[in-house]
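Please look over the sequence and the structure shown below.

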Amino acid sequence: MSERTEITDLGEFGLIDHLTKNIELQNASSVLGVGDDAAIIDHFGKQTVVTTDMLVEGVHFDLMYTPLKHLGYKSVVVNLSDIYAMNAMPTQVTMSLAFSNRFSLEALDEFYEGVYAACEKYGVDLVGGDTCSSQKGFIISVTAIGEVAPDTFIKRSTAQKGDLLCCSGDLGAAYVGLLFLEREKQIYLENPKIQPDLEGESYVIGRLLKPEARKDIIEFFAQSSIKPTAMMDISDGLSSDILHICQDSNLGCRLYEEKIPIAEEMRRAAFKFEIDPTACALSGGEDYELLFTLPQSDYEKLVLNEQISVIGYMTDAEEGTKILTKGGGTHNITAQGWNAFKNT
């Protein structure tokens with residue numbers, strides 16, 4: 001059996017030294033990192049973007065099927081996604097943890113392996129944080145800091161009537177991945193001798209356990225001189241997040257069901273559960289794709305990127321927020337997806 005080192009053997013400062021001893025700063029804006037009372041960041045005339053997120057065991061993740069390394073990676077990525085959603089580039093993160101004595105030093109090392117993998121992939125520096133004990137469970141709080149050229153950030157409230165409604169990637173896969181993992185967990189709890197059968201569904205399970213933030217889309221905008229009129233990341237499900245942009249911008253929209261990007265792997269996986277792939281895309285959440293609006297004049301630039309789908313357009317608020325189904329029906333978009341039995 002592998003060694004287990006108790007956290008109490010190190011103490012708080014010994015633990016922080018252990019977890020941060022190999023940090024190499026990557027960004028010129030990281031003037032001073034871990035080791036003093038506070039980090040120092042100088043963005044050299046750019047505007048600073050800050051976001052923070054908390055992940056709580058039993059609410060946001062289940063350690064029965066979430067590897068600690070994946071959890072470390074995801075806890076960084078979900079924060080970076082919020083920075084990209086402002087049209088900014090993330091540069092630093094801080095990481096704070098509370099954990100019970102059921103976690104060993106080796107477990108925290110595994111978690112931090114994922115944290116550092118995400119920092120390296122996205123070119124951000126870990127510059128601080130905190131650790132403390134909790135009565136039970138694992139609590140993670142991450143703050144991400146980014147930079148943006150003055151007044152090039154993008155809000156949710158500035159979409160314009162007639163704008164194209166667009167998203168990156170494909171939607172709904174993380175939700176279907178969660179369904180598989182929850183099903184296997186229940187089978188295991190009833191009979192621990194049965195090995196999990198994930199039926200080769202590595203795509204949808206990967207989308208849940210190891211999401212990626214869309215740095216590539218923000219880089220594409222910069223290279224193509226595209227500036228969305230409004231933007232946010234899709235973390236609560238497409239329908240909820242479309243409603244955020246519509247409400248904040250005081251507009252309505254038309255969303256076309258047939259235009260919603262759905263991966264073939266997700267479609268097949270959804271049918272195993274006898275659920276509608278469109279419903280998964282509308283209500284699933286945790287996709288961490290970007291949802292944005294653009295002037296129609298940018299359409300020619302957009303088609304150069306296969307990772308972007310035009311899924312609808314913005315209308316006057318009086319026209320409501322509607323989805324046009326493949327069958328030709330029109331329904332109100334609701335935060336839980338739409339009600340297929342309620343015609344308008």
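Which residue in β6 does Met 54 stand opposite? Met 54 stands opposite Ser 141 in β6.

## Basis of the report

This is a predicted model, in which local features need pLDDT of at least 70 and side-chain atom pairs count only at pLDDT 80 or more, while totals for chains, interfaces and linings use all residues. Residues are numbered from 1 along each chain as its sequence is written, and side-chain values use heavy atoms, with hydrogens and water left out.

β3 and β6 (residues 138–148) pair in the antiparallel sense over 10 bridges; two strands pair if DSSP finds at least two bridges between them, and helices (H or I, at least four residues) and strands (E, at least two) are DSSP runs, numbered from the N terminus. Both belong to an open sheet with mixed pairing and the order β3-β6-β4-β5. Because β3 (47–56) and β5 (125–133) each have a single partner strand, one side of each is left without a neighbour in the sheet.

Helix α2 (residues 68–84) packs on this sheet, where it touches β3, β4 (89–99) and β6, contact meaning heavy atoms within 4.5 Å. The direction of α2 makes about 35° with that of β6, with axes fitted to C-alpha atoms, for helices over the stretch in contact, and angles running from 0 to 180 degrees between N-to-C directions.

Within it, β7 (residues 164–168) and β11 (residues 308–316) pair in the antiparallel sense over 5 bridges, and Cys 166 stands opposite Val 310 in β11.
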